[in-house]
Amino acid sequence: GDKNHTLKGGYLYVNIISSYFYCGACHGGNLQAAEITENNRNAYYRNRIRAIRFKSSRFLYIGDFSGLEKNGVNNYLLKAGLSLDLNDLKKAGRPAILLSFVPASCEIIGYVLLAPVILKISHIEAAVMGAVLAAVSPAVVVPRMVNLMGKKYGTKKAIPQMIMAGASCDDIFVIVLFTTFLSVAQGGKANVMDFISIPVSIVLGILLGAVVGYGLYMFFETSYAHKHCVRNSTKAIIVLGFSFLLVAVEDWLKGTVAVSGLLAVVSMACVIKMKSTAFVSKRLSEKFGKLWIAAEVILFVLVGAAIDIRYTLSAGIAVVFMILLALLFRSVGVLICTAKTNLCLKERLFCVIAYLPKATVQAAIGSVPLASGLACGKIVLSVAVLGIIITAPLGALGIDSTYKRFLEKENI
């Protein structure tokens, strides 16, 4: 079909995956009720998947798979939500909210002040560059924070929960700033409604996820009450399918109302954990931990595939210097967020390290200024690519090598 009349590759693929999950869950129950043997059921599934794959292949083209990156992250956000203790998150409170926008704002200020001098670009072009680089990568940070929560490092002061909450929100803030600065750079005007959409997207995302989570809980409980016990593996598949749909809702409603799909996923998982027994939520969390083994590979392959390494060759040492200076501004922002808290200096430094990695957002929007015809497009893409190459391993290795020394392990 015509490429202009097709969905983006990533979101069509997500919808196909969701269809597989739901078809499998629904048909599985029907076939079991009909007492069809396992071999015949498997043959039936193969034939149905071939039919769906044949039909979808006519519409699916190799295109923008940034939606799959977000859905790779949402798999781990499900595990995070099922592991999250809301009482612990309340302890974080103010710092968690500040971390969602203060470090990013400080880094953007760093680019606006220094990039015109170092890279010889205008202040509005520097603002576009800063917005591209300002988001922390949930793909790098969230899995590690959930791992620390499982090992009980820093959980007494809710440090992993605080970092994870901030990292899950700041990309919304940064992308709104990016679209605003991009519009101004192209000769447009800043839209006040874009800024109002930030808190709206957060609130609606939490509410949407809570409603869906409660609905799933009631479905599982009603099935159990009618002596139709749903296995934990089946529950995981159903919850994962709905998480795909929640992420897709964000794009379906774009331009109409702002909704944070990733926050909806976390909210849904939190409600399921709150309403379910401890055994069920723990088992579901373990299921999603196993799914992450495959999702992690897919996620980082897609992030790597989005990087055009050619643009780093002409970047020069000035770009590296600019990135490192901007990280200093970002670090000051994190220290401001954690000021006047019960965190000691080592714990605050760990928060600084955890907020260094960049990957997902930069891979997704780094090439947009170049595609939009801005004169700074090539240098922005070069900074985005080098930012990923420098900060992703720096932050990941920093977290992995310091958490045992900087964080206190909670005794159970």
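Reader: Is Lys157 buried, partly exposed or exposed?

Author: In this predicted model, Lys157 is partly exposed, with a relative accessible area of 25%.

Reader: And which residue does Lys157 meet in a salt bridge?

Author: The partner is Glu347, with 3.0 Å from N to O. Glu347 is in helix α16, whereas Lys157 is in the loop between α8 (138-151) and α9, so the pair links distant parts of the chain, 190 residues apart. Glu347 is buried, at a relative accessible area of 3%.

Reader: Why does Glu347 count as buried?

Author: Its relative accessible area is 3%, and buried means under 20%.

Reader: How many salt bridges are there in the whole structure?

Author: A search of the whole structure gives 4. One of them joins Arg330 and Glu107, whose closest N and O atoms are 2.7 Å apart. That pair also links distant parts of the chain, with Arg330 in helix α15 and Glu107 in helix α6, 223 residues apart.

Reader: Are Arg330 and Glu107 buried or exposed?

Author: Both Arg330 and Glu107 are buried.

Reader: What else does Glu107 pair with?

Author: The side chain of Glu107 also meets that of Lys358 in a salt bridge, at 2.9 Å from N to O. Glu107 lies in helix α6 and Lys358 in the loop between α16 (345-354) and α17, so this pair ties together parts that are 251 residues apart in sequence. Lys358 is buried, as is Glu107.

Reader: Which residues make up the network of salt bridges, then?

Author: Glu107, Arg330 and Lys358 are linked in a network.

Reader: Let us change topic. What is in the largest nonpolar core?

Author: That core has 35 residues, and Tyr111 and Val383 are those with the most contacts inside it. The elements that give two or more residues to it are α6 (102-118), α7 (123-133), α9 (159-185), α15 (317-337), α17 (360-365) and α19 (377-406).

Reader: Which element gives the most?

Author: Helix α7 does, with 7 residues.

Reader: How many residues of α7 are buried?

Author: Of its 11 residues, 9 are buried, so α7 is largely enclosed by the rest of the structure. The buried residues of α7 include Glu125, Ala126, Met129 and Leu133.

Reader: What does Tyr111 touch?

Author: Leaving aside residues up to four places away in sequence, Tyr111 touches Pro116, Ala126, Met129, Gly130, Leu133, Met322, Ile323, Ala326 and Val383.

Reader: And what of the second core?

Author: A second, separate core has 30 residues, among them Ala167, Cys337, Ala354 and Phe406.

Reader: Now the surface. Which residues form a nonpolar patch there?

Author: Ile196, Val200 and Val257 form one, with about 190 Å² of accessible area together. Val257 sits in the loop between α11 (232-252) and α12 (261-275). At a relative accessible area of 32%, Val257 is partly exposed.

Reader: What about Asp251, where does it lie?

Author: Asp251 lies in helix α11. Its relative accessibility is 23%, which counts as partly exposed. The C-alpha atoms of Asp251 and Gly261 are separated by 8.6 Å, and these residues are 10 apart along the chain.

Reader: Ser223: buried or exposed?

Author: Ser223 is buried, with a relative accessible area of 13%. This residue is found in helix α10 (residues 192-225). Not counting residues up to four places away in sequence, Ser223 touches His228, Cys229 and Val230.

Reader: Stepping back, how many helices and strands does the chain have?

Author: The protein chain has 19 helices and 0 strands. Buried residues account for 50% of its 412 residues. Among contacts between residues at least 6 apart in sequence, 82% join residues at least 24 apart.

Reader: Lastly, what is the mean pLDDT?

Author: The mean pLDDT of the protein chain is 76, with 70% of its residues reaching 70 or more.

Reader: Where does pLDDT stay under 50?

Author: Residues 1-22 form one such stretch, for which the model has 46 contacts beyond four places in sequence. Residues 30-36 also stay under 50, and there the model has 6 such contacts.

Terms used. Residues are numbered from 1 along each chain as its sequence is written. This is a predicted model: local features need pLDDT of at least 70, side-chain atom pairs count only at pLDDT 80 or more; totals for chains, interfaces and linings use all residues. Side-chain values use heavy atoms; hydrogens and water are left out. Helices (H or I, at least four residues) and strands (E, at least two) are DSSP runs, numbered from the N terminus. Buried means under 20% relative accessible area, exposed over 50%, partly exposed in between (1.4 Å probe, protein chains only). Contact means heavy atoms within 4.5 Å. Patches are made of residues with over 30% relative accessible area and no salt bridge: like charges are joined within 9 Å, nonpolar side chains (Val, Leu, Ile, Met, Phe, Trp, Tyr) within 5 Å. Accessible areas come from the Shrake-Rupley method with a 1.4 Å probe; for residues, only the protein chains shown count as cover. A nonpolar core is a set of buried Ala, Val, Leu, Ile, Met, Phe, Trp, Tyr and Cys residues joined through side-chain atoms within 4.5 Å. pLDDT is the predictor's confidence in each residue, from 0 to 100.
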